[in-house]
Amino acid sequence: MGSAADTSDPAASAIRRNRWIFGVGTLGRDMVYTLSAFYLVIYLTDVLNVPDSTMWAVTVVVLVIRILDAILDPIVGALVDSTRSRWGQFRPWLALGGLVSGVFTVLLFTDTQLTGTSFVVVFALVNLLWGIAWSSHDIAYWGMLPALSLKPADRESLASTAKAFANVGQFAVVAAVPPIVSAISGREGGTPAAWQTVAIVASILMIVFMWVTILFVRERTDVDLDGQRTGLRELGRAIFRNDQLLWTATAFLLFMLGYGTTGAFGFYFFKYAYGDEKIFPVFALCVGVGQIAGLISFPWFARRWSRGTLYGWATGLICVVYVAFALAPMNIVILGIVAFLLFFLAAFIMLLMLVFQADTIEYGQWKLGQRN
């Protein structure tokens, strides 16, 4: 009887359908993001052989751009909030933002033949525009999550499926890109043209998979999810008077500092500390399997323990595993096991953070009387 009832429930049927359609939309997005986050610096240092003096300037540029991103992202979010179109609130940003960020991804991995100050200026401009374009569709994509269901359990299901797709894209790039660029170019580490080819393919996949979500995902129509248009005053109010949003964002910031640093320096660790970068894809496979296993098993744990309990235990155990990683010998089996455990637990944190952020929208609407 329960199964028949679920089948006849339009809302339940829509959630099941949306789980896969929404999830597949981030498969290519995370391929592109990982290509930029993990391999752009490697492309600059090991493929273009950018001089150290120029790399110091590039490092400063990247830091400044990330700070600008932090300032611009809420403004982009306000623009998404204020969007009213025949295609809805989120779809225009997904379509246009995906196309533009794909173009700038290719430009990031294009050898301009410039050097010195000219290289830094062009790199800074392309990187800044890439960040703005990325934010426009990233905010719209995850901002769509609360519009798909008002039930926390449904959001957990939608988010876990989306994150599983994201991790498939992410770790496919982490593990596959080094051998692919070497195979295309016939040279260890690849050539600029080989990296540009990979960037083009990843960007096309991103756009194609995003259009699956754009065309076929179904938002709720039985409640008003639009809220009000968000001006600068409302933007500040929505952010700084929503205490739960601030705490969640602060916790996520601290987590991503560690998570991002761990991922960004993984290749260099195996190249310079371990002494063999060819082992890195094996390590990345352990990371990917661990994170996907965490996402798949999360619903089982969520049915037995509260979000707060899961978050506390995952955070504490991650600290323990980091200590174990620091003390582990240079043995790929031991490092692989530690990586599996670390990213298994990290999957819990990332998923909980995503759901927490979605929940702060309802909290803000309850506290401030406006949905942002």
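This is a predicted model: local features need pLDDT of at least 70, side-chain atom pairs count only at pLDDT 80 or more; totals for chains, interfaces and linings use all residues.
**Figure 1. A nonpolar patch on the surface includes I67.** Together with V60, L63, V64, L68, I71, I75 and L79, I67 forms a nonpolar patch on the surface. The accessible area of these residues together is about 690 Å².

**Figure 2. W195 and the largest nonpolar core.** This core contains 93 residues. F22, L35, Y39 and W195 are the residues with the most contacts inside the core. Helix 15, residues 332-368, supplies the largest share of the core, namely 18 residues. When neighbours within four places in sequence are left aside, W195 is in contact with the aromatic residues Y39, Y43 and F109. The contacts of W195 also include L35, V47, V177, V181, G189 and G190.

**Figure 3. F270 and Y274 form a tilted aromatic pair.** A pair of aromatic rings is described by two values, the distance of the centres and the angle of the planes. For F270 and Y274, the centres are 5.2 Å apart and the planes stand at 45 degrees. Both residues lie in helix 12 (residues 266-274), where a separation of four residues is about one turn of the helix. F270 is buried because its relative accessibility is 0%, whereas Y274, at 23%, is partly exposed. The two residues also belong to an aromatic cluster, whose other members are F267, Y268, F269, Y272, F280, F283 and F325.

**Figure 4. F301 and F348 form an edge-to-face aromatic pair.** The ring centres are 5.2 Å apart, with 65 degrees between the planes. F301 is located in helix 13 (residues 280-302) and F348 in helix 15, so this pair ties together parts that are 47 residues apart in sequence. F301 has a relative accessible area of 22% and is therefore partly exposed. F348 counts as buried because its relative accessibility is 4%. By the rule used here, the count of aromatic pairs comes to 30.

**Figure 5. R29 and D138 are joined by a salt bridge.** The structure holds five salt bridges. In the bridge between R29 and D138, the closest N and O atoms are 2.9 Å apart. The pair links distant parts of the chain, 109 residues apart, with R29 in helix 3 (residues 27-47) and D138 in helix 6 (residues 116-143). R29 is buried because its relative accessible area is 1%. D138, with a relative accessible area of 23%, is partly exposed.

**Figure 6. K271 and D46 meet in a salt bridge.** The N to O distance between these side chains is 2.4 Å. K271 belongs to helix 12 and D46 to helix 3, so the bridge ties together parts that are 225 residues apart in sequence. K271 is partly exposed, with a relative accessibility of 23%. D46 is partly exposed as well, with a relative accessible area of 26%.

**Figure 7. D359 and R307 form a salt bridge.** Here the closest N and O atoms are 2.4 Å apart. D359 lies in helix 15 and R307 in helix 14 (residues 307-327), so the pair ties together parts that are 52 residues apart in sequence. D359 counts as partly exposed because its relative accessibility is 22%.

Definitions and conventions:
Residues are numbered from 1 along each chain as its sequence is written. Side-chain values use heavy atoms; hydrogens and water are left out. Patches are made of residues with over 30% relative accessible area and no salt bridge: like charges are joined within 9 Å, nonpolar side chains (Val, Leu, Ile, Met, Phe, Trp, Tyr) within 5 Å. Accessible areas come from the Shrake-Rupley method with a 1.4 Å probe; for residues, only the protein chains shown count as cover. A salt bridge is a side-chain nitrogen of Lys or Arg within 4 Å of a carboxyl oxygen of Asp or Glu. A nonpolar core is a set of buried Ala, Val, Leu, Ile, Met, Phe, Trp, Tyr and Cys residues joined through side-chain atoms within 4.5 Å. Buried means under 20% relative accessible area, exposed over 50%, partly exposed in between (1.4 Å probe, protein chains only). Helices (H or I, at least four residues) and strands (E, at least two) are DSSP runs, numbered from the N terminus. Contact means heavy atoms within 4.5 Å. Rings of Phe, Tyr and Trp (its six-membered ring) pair if their centres lie within 6.5 Å; planes under 30 degrees apart count as stacked, over 60 as edge-to-face and the rest as tilted.
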